[in-house]
Amino acid sequence: MQTELRDGTLHISGDVTVKTLTAAAFTRFRQQCRLKDTRAVDLSGVGRADSACVSLLLDALRRPNGKISLQGIPESVRTLSELYEIKDWLNP
């Protein structure tokens, strides 16, 4: 998983799975989400995604300095959010 903050949007690319999400990548993501300038998370560059990606998004939504919008949520994450009965949390 790679992350890059551009113009207030945190772009995520690569695979976001239990196997690929390292502690360092999660810490970096969390720090970037909590920056005052971060207003959105864009997942349109994500290849494979599983429950690890759901955890990332839920963490982003809990940020202390205001709302964050989610863009380009992978279909697999949408399916998991329905299974976990949290789809309303991830809808913009």
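User: Is Cys53 buried or exposed, and what is its relative accessible area?

Analyst: In this predicted model, Cys53 is buried, because its relative accessible area is 0%, which falls under the 20% cut-off for that class. Cys33 is likewise buried, with a relative accessible area of 0%. As to pairing, the count comes to 0 disulfides: for Cys33 the nearest cysteine sulfur belongs to Cys53 and is 11 Å away, and for Cys53 the nearest one is that of Cys33, again 11 Å away.

Turning to the core, the largest nonpolar core holds 24 residues, of which Ile12, Phe29, Val41, Leu43 and Val77 touch the most other members. Two or more residues come from each of strand S2 (9-16), helix H1 (23-33), strand S3 (40-49), helix H2 (51-61) and helix H3 (75-83), and H2 gives the most, with 6 residues. Val41 also links back to one of the cysteines: leaving aside residues up to four places away in sequence, Val41 touches Cys33, together with Leu10, Ile12, Phe29, Leu57, Ala60, Ile68, Ser69, Leu70 and Gln71.

Gln71 is also a contact of Thr9, which, with residues up to four places away in sequence not counted, touches Glu4, Ala40 and Asp42 as well. Thr9 lies in strand S2 and counts as buried, because its relative accessibility is 14%.

How values were computed: Residues are numbered from 1 along each chain as its sequence is written. This is a predicted model: local features need pLDDT of at least 70, side-chain atom pairs count only at pLDDT 80 or more; totals for chains, interfaces and linings use all residues. Side-chain values use heavy atoms; hydrogens and water are left out. A disulfide is a pair of cysteine sulfur atoms within 2.5 Å. Buried means under 20% relative accessible area, exposed over 50%, partly exposed in between (1.4 Å probe, protein chains only). A nonpolar core is a set of buried Ala, Val, Leu, Ile, Met, Phe, Trp, Tyr and Cys residues joined through side-chain atoms within 4.5 Å. Helices (H or I, at least four residues) and strands (E, at least two) are DSSP runs, numbered from the N terminus. Contact means heavy atoms within 4.5 Å.
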